[in-house]
Amino acid sequence: MIKNKLARKVFGSSFVAAMVVPAIALAEEGTTATLGDNVYIARAIAAGLAMSVSALAAGYAQARIGAAGAGTLAERPEAGMNLIVLQALPEIIVLLGFVIAFMIGTAA
Amino acid sequence: MSAVATLQRKSNPGRDYGYSNARVRGMRARLFTQAYLDDLMASKDISDVIQVLMQTEYGPDLEERLLHGRTAQQVDEALKDNMVRKFRKVLGLANDEAYGLMIVLLGRWDLFNVKTILRGIHMSLSHEEIEDSLIAVGQLSHVDMVELAKQPSVKALVDTLATWELPYAVPLRAEMAHYNEDGDLSVLELALDKFYTAWADKSLRCRRSNAKLARRFLGVQVDTINLLTCLRLLNADVEAEEVNRFYLPGGLHVKEELFSDLASMSDVDEVYERLKRTPYGRPVEAVAIKYVEHGSVSVFERALEDYLMRRAFAAGQGEPLGVGIIIGYMWAKANEVTNLRIIVKGVSVGMPVERIKEELIIV
């Protein structure tokens, strides 16, 4: 599980933001919640989670790759180009998260 | 260990091995290949060897040492300097967990150094002569060891160790009375060995996977020492009750019972049979014919050294974010320096290439 204090805080606040922000947005509209509103809220929460969790995962992966990449560069500068590719790979996780969030948000 | 004799390094808390292991892997990639060593062995003389080594990472160390003369002795010193520098670098990179584990494993070098100083003082050698044999890759720095080597007597050495609050003073003090009685240095050396293996085994008792790996590796080292002691005792006239006195605790497969069994056997064939059920059966059996030809225990010593080196390399090929990478590199580096020293000595005295090859430890 997440042991690092900072990582716990970041993950917790992202989770809360993903849950609370859509609810506040809806509450501000001042409408009484109906079945359609509940579905909308659930979708917003799901899309927020898909985006935030994938972004956190990509950030974690990039941090680890970055640390190892810095170590490799210090000893073998010729491996620089390979490291840039490796460093960019986790971005795919965010892109997938974005696509899933988009699909959830626009589903009929 | 004491505050006096500790390596100066910044604390690196946590257990993140990403950065340090990447650097160590980079350093490992620069270790010499077999083909490179073959070329080096084919050098005509020591000048050729120096010329080739100057193009490598040994260059800066050679430059410094060669100011004192282009001799095999100076090249040897430069190789040792490089090893010390690399070990210090790796220890500086390691996080606190890896540093703690490596200090325990590298304690064998401290032990080696303390024993070397002890022998030197016992034999009334000058401190310059003792210094030539020291390698400061453990926790004791070169300055600490020079100070120890300058002590006028074994008693003064033990007192200095005690003043510096080094743990090696404890077993030495306990056995000083015996040493003073008959002047037998082996009593002190055995006490030191026993103290180190027991201390290291205790220090590495932990549930973490890295500590377990380090303990397994320490266990193999202790096993090889115990096995060699058994093989030597085969030809020695030692009472059965006396045998267990030489047993070192902390082994992985060779426990006290097996040790006394092995030591009580009459010939090497029986030892093979008894060792078949342990991982040491195969390496010992592989050199059996060679032993019959040479009749020297050094054949087994060599086979067990090779096995230990294989285990060190295997440790570096497991968990990529663990201490195994560091263990693997340090032992591979020590092995490379040992091989280079053999080549330098061999080439300088005109030894045939085949003879040098036989002496190398290549895994």
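1. Helix H6(B) passes H11(B) in a right-handed crossing, a crossing being right-handed if the near helix is turned clockwise from the far one by less than a right angle, and left-handed if anticlockwise. This is a predicted model, in which local features need pLDDT of at least 70, side-chain atom pairs count only at pLDDT 80 or more, and totals for chains, interfaces and linings use all residues. Residues are numbered from 1 along each chain as its sequence is written, while chains are lettered from A and ligands numbered from 1 in the order in which they are written.

2. H6 (residues 96-122) and H11 (residues 185-203) of chain B pack at about 170 degrees with their axes 10 Å apart, which makes H6(B) roughly antiparallel to H11(B) (an angle over 145 degrees).

3. On the H6(B) side the residues in contact (C-beta atoms, placed from the backbone, within 7 Å) include Val104(B), Leu111(B) and Leu118(B), and on the H11(B) side they include Leu188(B), Leu192(B) and Tyr196(B). By class, this contact has nine nonpolar, three polar and four charged residues.

4. For H9 (residues 154-163) and H10 (residues 169-182) of chain B, the axes come within 9 Å and cross at roughly 155 degrees, so that H9(B) is roughly antiparallel to H10(B). H9(B) passes H10(B) in a left-handed crossing.

5. Among the residues making that contact are Val158(B) and Leu161(B) of H9(B), together with Leu172(B) and Met176(B) of H10(B). The contact of H9(B) with H10(B) divides into eight nonpolar, no polar and two charged residues.

Methods. Axes fitted to C-alpha atoms, helices over the stretch in contact; angles between N-to-C directions. Helix = DSSP H or I, 4+ residues; strand = E, 2+ residues; numbered from the N terminus. Parallel < 35°, antiparallel > 145°, perpendicular 65-115°, else oblique. Contact = placed C-beta atoms within 7 Å. Nonpolar A, V, L, I, M, F, W, Y, C, P; charged D, E, K, R; others polar.
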